[in-house]
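Biologist: I have a model open and would like to learn how to read its features. Could you walk me through a few of them?

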Amino acid sequence: QVQLVESGGGLVHPGGSLRLSCAASGSFYTIYAMGWYRQAPGKERELVAGIINGGSADYADSVKGRFTISRDNAKNTVYLQMNSLKPEDTAVYYCKVTTGLFRPVKDYWGQGTQVTVSS
């Protein structure tokens, strides 16, 4: 089992910044991929950014140039630095961790953290 603890959400003005963190713990051999998704009211959950072992980061077009995903393998933690935030970025942000060595095996989701961008 993998437990995920998210932090860093909150209320921010348009143009502001937030940094989300997601720390994984528990019994697992290795992490194959880590990523962030978001779900706004009335909308489907969508990929924001993801990163696979040995691969480059992938971003939704709507956040390219504004958001940066990074991971600390020693801490099993993934971060999402969000700059130049817009009201349309308002959503619940979920961390997803996929375990596995050379291929994805199982997905785990965080509890979600609210990000609200409003003046």
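**Rings, bridges and strands**

Modeller: Let us start with a charge over a ring: arginine 45 lies over the face of tryptophan 109, at 4.7 Å from the ring centre. The rule asks for NZ of Lys or CZ of Arg within 6 Å of the ring centre and within 35 degrees of the ring normal. Arginine 19 lies over the face of tyrosine 79 too, at 4.1 Å from the ring centre. Please keep in mind that this is a predicted model, where local features need pLDDT of at least 70, side-chain atom pairs count only at pLDDT 80 or more, and totals for chains, interfaces and linings use all residues. Residues are numbered from 1 along each chain as its sequence is written, and side-chain values use heavy atoms, with hydrogens and water left out.

Biologist: How many aromatic pairs are there?

Modeller: A pair of aromatic rings is described by the distance of the centres and the angle of the planes. Rings of Phe, Tyr and Trp (its six-membered ring) pair if their centres lie within 6.5 Å; planes under 30 degrees apart count as stacked, over 60 as edge-to-face and the rest as tilted. This rule gives one aromatic pair. Tyrosine 37 sits in strand S4 (residues 31-39) and tryptophan 109 in strand S10 (residues 106-109), 72 residues apart. Strands here are DSSP runs (E, at least two residues), numbered from the N terminus.

Biologist: Is tyrosine 37 buried or exposed?

Modeller: Buried means under 20% relative accessible area, exposed over 50%, partly exposed in between (1.4 Å probe, protein chains only). Tyrosine 37 is buried, at 18%, whereas tryptophan 109 is partly exposed, at 37%.

Biologist: Which cysteines form a disulfide?

Modeller: A disulfide is a pair of cysteine sulfur atoms within 2.5 Å. Cysteine 22 and cysteine 95 form one, with their sulfur atoms 2.1 Å apart. The torsion about their S-S bond is about -75 degrees, so the disulfide is left-handed. Cysteine 22 lies in strand S3 and cysteine 95 in strand S9, so the pair ties together parts 73 residues apart in sequence. Cysteine 22 is buried at 0% relative accessible area, and cysteine 95 is buried at 0% as well.

Biologist: What does strand S3 pair with?

Modeller: Two strands pair if DSSP finds at least two bridges between them. Strand S3 (residues 18-26) pairs with S8 in the antiparallel sense over six bridges. Leucine 18 stands opposite methionine 82 in S8.

Conventions:
Helix = DSSP H or I, 4+ residues; strand = E, 2+ residues; numbered from the N terminus.
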